[in-house]
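Look at the sequence and the model first, then read the points below.

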Amino acid sequence: MNLLLKNGRVVDPANGRDGEFDVLIVDGAIARVGRDLPAEGAEVLEITRGWVVTPGLIDIHVHLREPGQEHKETVATGAASAVAGGFTAVACMPNTDPVNDHAGITQFILKKAAEAKLARVYPIGAVSLGSKGEQLAELGEQKAAGCVAFTDDGRPVATALLMRRALEYAGMLGVPIVNHCEDPSLKGDGVAHEGYHASALGLRGIPGVAESLMVERDVSLAELTGGHVHIAHMSARQSLRAVRAGKARGVNVTCEVAPHHFTLTDAALEGPPKYDTNLKMNPPLREAADRDAMLEGIADGSVDVIATDHAPHHADEKMLEFDRAPFGIVGLETAVPIVCDRLLHAGKISWGRFVELLSVNPARVFHLPGGSLSEGAPADVTVIAPDTRVTVSAAALKSKSKNTPFDGWELRGAVAATIVGGQVVYRHTAS
Ligand SMILES: [Zn+2]
């Protein structure tokens, strides 16, 4: 079925467009973008005044938990959560059980995604076998099977030598190495950001330098090898400084920040409620100076991508003491309202920058299709209602897991519709 999106504000920085246009979708691809386009038999979707039509949003950091931890999430429920959050594509981390370190698992994930027929799913393969940090996985075979990047996320790439080899190999394949940067000896058994609040609450701390030390290592190794390193879920101001320095001297380094790291600080751990395990993630919520640095990097272009680090955990697993609960929160369905409310409406970014952070740059960093509404491109489109007020309801999330610290938050900005390959796969229903 063909579709005509009528009268939306189209924001498509890749094509230099920001204005009222119609978008005609024929056979799953963008056929034309222009003014007063005839429907030519296509179904007409009248876009409400003030709503914004963007290239499909892409989240390059999600945990879909399948295979192995289907009680937290499956590829199908994760894809449903993605499209409800306005994401037409996601890239999923390999720390499943078993770890995605060979082609059979990549193919299994792709099969599950094809069956779900919702968001596009791009698997990320493990850097090392079992993500154990010892032996390099078969990156070439994994790329051929469909992996778009490599990481040992959940853990850092263990040694500088392994990182060097991975960057060399992945560099030849033209794909990035994504690193969860954390010096294990400095992280120790820490559970919260090292600082006033962790001390006051009696929680073991993780300093920001635990992250930035490894960012500095990886920037140096990317410089040495010419490979591309992408810094996952950056949280510390010292890391941003290292990324900026690398970029300034031409190193192929990119980075992402998760919504919780530019929204919340470790002060939230004081409650109420105190010790909320939905505020436990890795890297941890940091102090105000770090959050402000992330906001500055997002605004000035040093930060390439906003990615959610969607990390579903079952309620029973999170219902432990703070020390023992697993790290991570879900993020796919809260990202757009948070970015609208805290960045756009707060005047920190423009619509053009919004689309760069959530669509253009994710596509560029992982060499994915998408990121534009160019004629002939797959018709992946997100429609956003920037002024619609939403109250986040953990219970109503499409994700199988409900571990969000944003439950009950009132935010201005909602996903109105998500279109993948010309099919409307999600539509907001007014509550
Ligand atoms: Zn991670």
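**Zinc site and selected surface residues**

Along the chain, the donors of the zinc ion follow the spacing D-x26-H-x52-H. Donors are N, O and S atoms within 2.8 Å of the metal (3.2 Å for Na, K and Ca); water is not among the atoms, so sites may look incomplete. This is a predicted model, in which local features need pLDDT of at least 70 and side-chain atom pairs count only at pLDDT 80 or more, while totals for chains, interfaces and linings use all residues. Residues are numbered from 1 along each chain as its sequence is written, and side-chain values use heavy atoms, with hydrogens and water left out.

**Zinc ion**

- Asp153 (OD), His180 (ND1) and His233 (NE2) coordinate the zinc ion at 2.0 to 2.2 Å.
- His180 lies in the loop between β11 (177–179) and α5 (184–187), and His233 in the loop between β14 (229–231) and α8 (237–248), so the pair ties together parts that are 53 residues apart in sequence.
- Helices (H or I, at least four residues) and strands (E, at least two) are DSSP runs, numbered from the N terminus.
- His180 and His233 are both buried (under 20% relative accessible area, with exposed over 50% and partly exposed in between; 1.4 Å probe, protein chains only).

**Ala114**

- Ala114 belongs to helix α2 (residues 103–116).
- Ala114 counts as exposed because its relative accessibility is 53%.
- The C-alpha atoms of Ala114 and Ala76 are separated by 9.2 Å, and the two residues are 38 residues apart along the chain.

**Leu213**

- Helix α7 (residues 208–225) contains Leu213.
- With a relative accessible area of 39%, Leu213 is partly exposed.
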